[in-house]
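Please read it with the structure open.

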Amino acid sequence: MAQEKQNDQAKAQKARRLRDSVEWLVKNIFFLCGIVAVASVLFISIYLVISGLPAMLEIGVTDFLFGDTWDGKNGVYGILPFILTSFAGTGGAILIGVPVGVLTAMFLAKVANHRLAVVIRSAVSLLAGIPSVVYGLVGMVVLVPAIQKAFHLSSGANLLAAIVVLTVMILPSIINVAETALRAVPKEYEEASLALGATHTETIFRVSLPAARSGVATAIVLGVGRAIGEAMAIIMVSGNVPNMPGSLFTPVRFLTTAIASEMNYATVGSLWRESLFSIALVLFLFIMLINVALNLFVKNKKEG
């Protein structure tokens, strides 16, 4: 009996050591993945600053950011049309996409029956998996001619077409993240609201949605990042002309499309090429500022 007890204790100790070793290994793998993620962000940040800041300083920060003319071949580097176009396109897509995406997420999480929810989620997942160049191709073949015909324009490749394509592209990100956030709301919140006499619709809008505010804000951040960072689809439907976004029917060029369309033509080491890296730096800073602003907004709402 004593020998068997010692054997059992030895096996238990061996199993415990193995379990502790596996836990230590997994913990360090997770830590290493976190370090890689942080290091990647730092590397990209440092590289963009080193590559883009000198050209911006040489051109002049004011002339670069607020110049209204861009002609890389002739040494004129003003990106204000690109900045305004990016804000207008992203703003239009968010203005349409956020309400549609959040309402769809609310429907999937709180209203739809199981079969219908499965069908809609499958469609949303399919939208998320479609390559951006396919969106651009469909937009160029279907949407651009439709806009040209509907509004009697010389060309349907304009800001409106870009907004429509961006809206469709950001919907999967917003829907998936917002639905996950809404499903994470504790059932007790909703049951308490219903017990106090609120209707199901009132509970969704006044209890579930405010409780999931942080997740919805994250969905909006992802949507903004997808919209402002898209290039291939937009270059096919926006017209890719460095104009000021005077109206929805103006052919325009975004910050991303300016980089994608001219990087292959700019000579390595030239001011033209370095100015394209400066555009990338500006784009990176915009995304960071939007992210920080939305996080501060959510934090202040929680504290309030």
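## Basis and numbering

Helices here are DSSP runs of H or I with at least four residues, numbered from the N terminus. The model is a predicted one.

## A loop residue: Phe249

Phe249 sits in the loop that lies between H10 and H11.

Along the chain, Phe249 and Leu160 are 89 residues apart, yet their C-alpha atoms are separated by 6.1 Å. When neighbours within four places in sequence are left aside, the contacts of Phe249 are Phe151, Leu153, Asn158 and Leu160.

## H3 against H9

Helix H3 spans residues 80–111 and helix H9 spans residues 213–229. Their axes come within 9 Å and cross at roughly 140 degrees. An angle over 145 degrees would count as roughly antiparallel; H3 and H9 are therefore oblique to each other. The crossing of this pair, H3 and H9, is right-handed.

From H3, the residues that meet H9 are Ser86, Thr90, Ile94, Val98 and Val102. On the H9 side, the partners are Val216, Ile220, Gly223, Val224, Ala227 and Ile228. Sorted by class, the contact of H3 with H9 holds eight nonpolar residues, three polar ones and no charged ones.

## H3 against H8

Helix H8 covers residues 200–211, and its axis comes within 12 Å of the axis of H3, with a crossing angle of roughly 115 degrees. H3 and H8 are therefore roughly perpendicular to each other. The crossing of H3 and H8 is right-handed.

In this contact, H3 supplies Val102, Leu103, Met106, Lys110 and Val111, while H8 supplies His200, Ile204, Phe205, Ser208 and Leu209. The classes are seven nonpolar, two polar and one charged for the contact of H3 with H8. Val102 of H3 takes part in the contact with H8 and also in the contact with H9.

## H3 against H4

Helix H4 consists of residues 114–129. The axes of H3 and H4 come within 9 Å, crossing at roughly 145 degrees. Which hand does the crossing of H3 and H4 have? It is left-handed.

Thr104, Phe107 and Leu108 of H3 make this contact with Leu116, Ala117, Ile120 and Arg121 of H4. For H3 with H4, five of the contact residues are nonpolar, one is polar and one is charged.

## Nonpolar cores

The largest nonpolar core has 37 residues, and Val165 and Phe254 have the most contacts inside it. At least two residues of this core come from each of H3, helix H5 (132–151), helix H6 (159–183), H9 and helix H10 (232–237). The helix that gives the most to this core is H6, with 13 residues.

Apart from residues up to four places away in sequence, Val165 touches Tyr135, Leu143, Ala233 and Val237.

## Burial of H11

How many of the eight residues of helix H11 (residues 255–262) are buried? Seven are, which leaves this helix mostly covered. The buried residues of H11 are Leu255, Thr256, Thr257, Ala258, Ile259, Ser261 and Glu262.

Conventions
Residues numbered from 1 in each chain as written. Predicted model: local features only at pLDDT ≥ 70, side-chain atom pairs only at ≥ 80, totals over all residues. Heavy atoms only, no water. Axes fitted to C-alpha atoms, helices over the stretch in contact; angles between N-to-C directions. Parallel < 35°, antiparallel > 145°, perpendicular 65-115°, else oblique. Left-handed = near helix turned anticlockwise from the far one by under 90°. Contact = heavy atoms within 4.5 Å. Nonpolar A, V, L, I, M, F, W, Y, C, P; charged D, E, K, R; others polar. Core = buried A, V, L, I, M, F, W, Y, C linked by side-chain atoms within 4.5 Å. Buried < 20%, exposed > 50% of the residue type's maximum accessible area, 1.4 Å probe, protein only.
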